[in-house]
Amino acid sequence: MDIKVRKIEPGDLFYIAEIEEKVFGLDAFPFYYLFELYEKCRDFFLVADYKGLTIGYIVSCIENQSLHIHSVAVIEGFRGKGIGRMLLEETIKLAKSMGIEKILLEVSTQNNVAISLYEKFGFKRVGMRTNYYADGSDAYIYILDLKENNSQHVR
């Protein structure tokens, strides 16, 4: 598959917002929130591009000297093909190149596919946010310590 991970370009934010809504429904970040993050952290907005079509993204922002991954999604039909892994791998490389020491994220306690991916990259579960999602379900908090974890990528 001819998939490229690249930094966001003008116009991509609309596709990210559309994918966000389709994938996360009631838990989707509204466009204005994504736009605010984009204004502060555009260097950490990556998209997966397949022949000019945005098929996935990862949205991150520096907060308190850590990189906080706010959202990762891949459109239906392209899931299970390693695109999430590619996006995460590029984000980790980018964070390391900028001297960031920790990456933080929240993930649904029920999202076993994502949890497995994060753990393969060395993320450690450090806590939980109760009632985090619109339906009242919980999220785990995961942290990757980049000083500890020097693996460049996971296959």
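View 1. Phe14 is found in helix 1, residues 12-24. Helices (H or I, at least four residues) and strands (E, at least two) are DSSP runs, numbered from the N terminus. The model is predicted: local features need pLDDT of at least 70, side-chain atom pairs count only at pLDDT 80 or more, and totals for chains, interfaces and linings use all residues. Residues are numbered from 1 along each chain as its sequence is written, and side-chain values use heavy atoms, with hydrogens and water left out. At 57% relative accessibility, Phe14 counts as exposed. Buried means under 20% relative accessible area, exposed over 50%, and partly exposed in between (1.4 Å probe, protein chains only). Phe14, Phe31 and Phe35 make a nonpolar surface patch of about 310 Å². Patch residues have over 30% relative accessible area and no salt bridge; like charges are joined within 9 Å, and nonpolar side chains (Val, Leu, Ile, Met, Phe, Trp, Tyr) within 5 Å. Accessible areas come from the Shrake-Rupley method with a 1.4 Å probe; for residues, only the protein chains shown count as cover.

**View 2. The largest nonpolar core.** This core has 29 residues. Those with the most contacts inside it are Ile83, Leu88, Ile92, Ile103, Val107 and Phe123. A nonpolar core is a set of buried Ala, Val, Leu, Ile, Met, Phe, Trp, Tyr and Cys residues joined through side-chain atoms within 4.5 Å. At least two core residues come from each of strand 2 (45-50), strand 3 (53-63), strand 4 (66-74), helix 3 (83-97), strand 5 (102-108), helix 4 (112-120) and strand 7 (139-145). Helix 3 gives the most, with six residues. A second, separate core has 15 residues, among them Ile16, Cys41, Val59 and Ala73.

**View 3. The surroundings of Phe123.** Contact here means heavy atoms within 4.5 Å. Neighbours within four places in sequence are left aside. Phe123 is then in contact with Ile69, Leu88, Ile92, Ile103, Leu105, Tyr118, Tyr142, Ile143 and Leu144. Gly122 lies in the loop between helix 4 and strand 6 (124-129). At 17% relative accessibility, Gly122 counts as buried. Gly122 and Asp145 are 23 residues apart in sequence. Their C-alpha atoms are 8.2 Å apart in space.

**View 4. Strand 3 between two antiparallel partners.** Eight of the eleven residues of strand 3 are buried, so this strand is largely enclosed by the rest of the structure. Strand 2 and strand 3 run antiparallel and are joined by six bridges. Two strands pair if DSSP finds at least two bridges between them. Within this pairing, Gly56 of strand 3 stands opposite Ala48. Strand 3 also runs antiparallel to strand 4, with eight bridges joining them. There, Ile58 has Val72 of strand 4 as its bridge partner.

**View 5. Two hairpin turns.** Strand 2 and strand 3 form a hairpin with two residues between them. Lys51 lies in this loop. Lys51 has a positive phi of about 50 degrees although it is not a glycine. At 64% relative accessibility, Lys51 counts as exposed. Strand 3 and strand 4 form a hairpin with two residues between them, and Asn64 in the turn has a positive phi of about 50 degrees. Gln65 is found in the loop between strand 3 and strand 4. Gln65 has a positive phi of about 65 degrees, although it is not a glycine. Gln65 counts as exposed, at 71% relative accessibility.

**View 6. Salt bridges.** The structure holds twelve salt bridges. Each is a side-chain nitrogen of Lys or Arg within 4 Å of a carboxyl oxygen of Asp or Glu. In helix 3, Arg85 and Glu89 lie four residues apart, about one turn of the helix. Their side chains meet in a salt bridge (3.6 Å, N to O). Glu89 counts as buried, at 7% relative accessibility. Lys147 and Glu101 form another salt bridge (3.5 Å, N to O). Lys147 lies in the segment after strand 7 and Glu101 in the loop between helix 3 and strand 5, so the pair ties together parts that are 46 residues apart in sequence. Glu101 is partly exposed, with a relative accessible area of 41%. Salt bridges that share partners join Arg6, Glu9, Asp12 and Asp49 into one network. Between Glu9 and Arg6, the closest N and O atoms are 3.8 Å apart. Glu9 is partly exposed at 40% relative accessible area, whereas Arg6 is buried at 19%.
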